[in-house]
Number of protein chains: 6
Amino acid sequence: MVNGIVLPIKKVFSLVDSRITVEIKDEGRQLQGRLVAVDEYLNIHMDETVEMNRGTRRNLGTVVIRGNNILTIAPTA
Amino acid sequence: MVNGIVLPIKKVFSLVDSRITVEIKDEGRQLQGRLVAVDEYLNIHMDETVEMNRGTRRNLGTVVIRGNNILTIAPTA
Amino acid sequence: MVNGIVLPIKKVFSLVDSRITVEIKDEGRQLQGRLVAVDEYLNIHMDETVEMNRGTRRNLGTVVIRGNNILTIAPTA
Amino acid sequence: MVNGIVLPIKKVFSLVDSRITVEIKDEGRQLQGRLVAVDEYLNIHMDETVEMNRGTRRNLGTVVIRGNNILTIAPTA
Amino acid sequence: MVNGIVLPIKKVFSLVDSRITVEIKDEGRQLQGRLVAVDEYLNIHMDETVEMNRGTRRNLGTVVIRGNNILTIAPTA
Amino acid sequence: MVNGIVLPIKKVFSLVDSRITVEIKDEGRQLQGRLVAVDEYLNIHMDETVEMNRGTRRNLGTVVIRGNNILTIAPTA
């Protein structure tokens with residue numbers, strides 16, 4: 001098993017078509033939705049997106065998120 | 001269907017000539033307007049731009065937005 | 001008309017030698033002046049620069065601005 | 001001994017499969033877990049992740065962390 | 001006169017060996033000193049550096065400044 | 001003397017194996033220690049690291065610091 005060559009981006013690619021939770025840097029905000037596409041910069045294309053912000057929910061539909069402003073990406077529990 | 005090779009940037013390219021909403025990182029501000037051009041860094045050239053900031057509107061006309069300071073790009077609902 | 005290949009940077013190149021307004025990220029500050037040179041990172045070389053900061057003006061003369069800290073570039077109205 | 005060609009990233013590669021502590025920029029938060037994979041941008045794939053935030057602990061499971069928002073990476077003491 | 005190909009970085013290269021003022025992003029701080037070297041990322045090597053921070057001065061001697069955290073570079077007036 | 005081609009990174013390479021002070025962006029914090037390795041992004045591998053934060057000291061041992069979050073690097077006085 002050669003761990004060093006399994007890239008973190010591969011984990012995110014494996015989540016395409018499933019539901020993910022994206023935490024935004026510095027803002028206490030999360031976006032949850034279906035991962036449509038992702039690239040090497042961790043730019044994210046999601047649909048059915050819901051913003052969770054300190055207890056409030058807002059439907060955003062389709063969004064593209066700039067990768068550098070993302071703190072974490074995880075499968076939705 | 002090979003999801004991994006459909007890039008997020010393609011979604012944004014598909015919005016050229018239509019109206020988009022750009023959310024600025026950290027600022028609670030949105031810019032709405034017509035997408036004229038976009039590049040791989042998500043730098044945005046918009047015209048007919050209106051800034052929406054906590055209930056106030058301001059006409060900005062033509063602007064170029066630096067991609068790294070953009071949080072999300074979405075079609076205007 | 002092939003919009004996808006007209007880059008946002010081309011808009012900024014077209015403003016060389018004319019007056020521009022540069023909005024700085026997070027700071028409520030604008031720099032106005034004559035655009036001398038710009039590169040692909042949106043690094044800006046301006047002269048005759050005036051800083052506008054919440055009603056105060058300050059003459060800065062010649063400055064080079066790091067592109068990543070720029071929010072927007074627009075022709076001065 | 002040719003120090004200049006031993007890259008910092010090599011130190012992080014050596015921590016794959018062991019427990020690390022990642023400090024997030026600006027947030028007073030740490031993520032601890034097992035390092036699964038890392039790339040040249042210091043993007044991190046961790047599992048068994050626990051968030052430590054001013055005395056509170058939260059289990060996060062598997063996460064991918066965007067490298068530019070990481071301040072430090074260290075072996076967990 | 002072909003403005004488009006005169007890069008902003010050339011302005012900074014022309015300041016090597018002379019005194020410059022570097023304004024740090026978000027911090028209300030300036031570093032003044034002699035520019036020893038600069039690269040394409042606007043990383044700066046200065047010596048005889050003095051930090052100016054809201055009326056206080058501090059001698060820093062030799063420093064290397066990471067380019068992305070620089071807001072502006074200008075010749076010291 | 002061809003200043004333009006002496007890169008700032010060379011100054012940092014020259015500090016490998018000696019003691020450096022790294023100032024973190026936006027945080028009023030400094031890390032002091034022995035520079036083990038550095039790369040072109042100014043990612044830093046240090047050991048014997050001590051954090052200095054508004055009068056308090058904390059031993060960190062070995063850390064890797066992401067370059068973009070570093071404001072300055074200097075030889076420890």
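Across the interface of chain B and chain A of this predicted model, 9 residue pairs are in polar contact, both residues at pLDDT 80 or more. A polar contact is a pair of N or O atoms within 3.5 Å; within protein, one must be able to donate a hydrogen and the other to accept it, and residues adjacent in sequence count only if both atoms are side-chain atoms. The side of chain B that touches chain A draws at least two residues from each of α1 (8–13) and β5 (70–75) of chain B. Strand β5(B) gives the largest share, 6 residues. Helices (H or I, at least four residues) and strands (E, at least two) are DSSP runs, numbered from the N terminus. By class, this side of chain B holds 11 nonpolar, 6 polar and 5 charged residues. Ala, Val, Leu, Ile, Met, Phe, Trp, Tyr, Cys and Pro count as nonpolar, Asp, Glu, Lys and Arg as charged, and the others, Gly among them, as polar.

The interface of chain B and chain A also has 2 salt bridges. A salt bridge is a side-chain nitrogen of Lys or Arg within 4 Å of a carboxyl oxygen of Asp or Glu. B:E23 forms one with A:R29, and their closest N and O atoms are 3.0 Å apart.

Strand pairing also links the two chains. Strand β4 (residues 56–65) of chain A pairs with β5(B) in the antiparallel sense, over 2 bridges. Pairing requires at least two bridges found by DSSP. A:V64 stands opposite B:I73 in β5(B).

In total, 22 residues of chain B contact 24 residues of chain A, with contact meaning heavy atoms within 4.5 Å. The two chains bury about 1900 Å² between them, 55% of it on carbon and sulfur atoms. Buried area is the accessible area (1.4 Å probe) that two parts lose on being put together, summed over both. In contrast, no contact joins chain B and chain E; their closest C-alpha atoms lie 12 Å apart.

A rotation of 60 degrees with 0.0 Å of shift along its axis superposes chain B on chain A (RMSD 0.0 Å). That is the relation of a six-fold axis. Superposition is by least squares on the C-alpha atoms of residues with pLDDT of at least 70 in both copies. Within chain B, B:N68 comes closest to the rotation axis, at 6.8 Å (C-alpha).

Residues are numbered from 1 along each chain as its sequence is written, and chains are lettered from A in the order in which they are written. Local features need pLDDT of at least 70, side-chain atom pairs count only at pLDDT 80 or more, totals for chains, interfaces and linings use all residues, and side-chain values use heavy atoms, without hydrogens and water.
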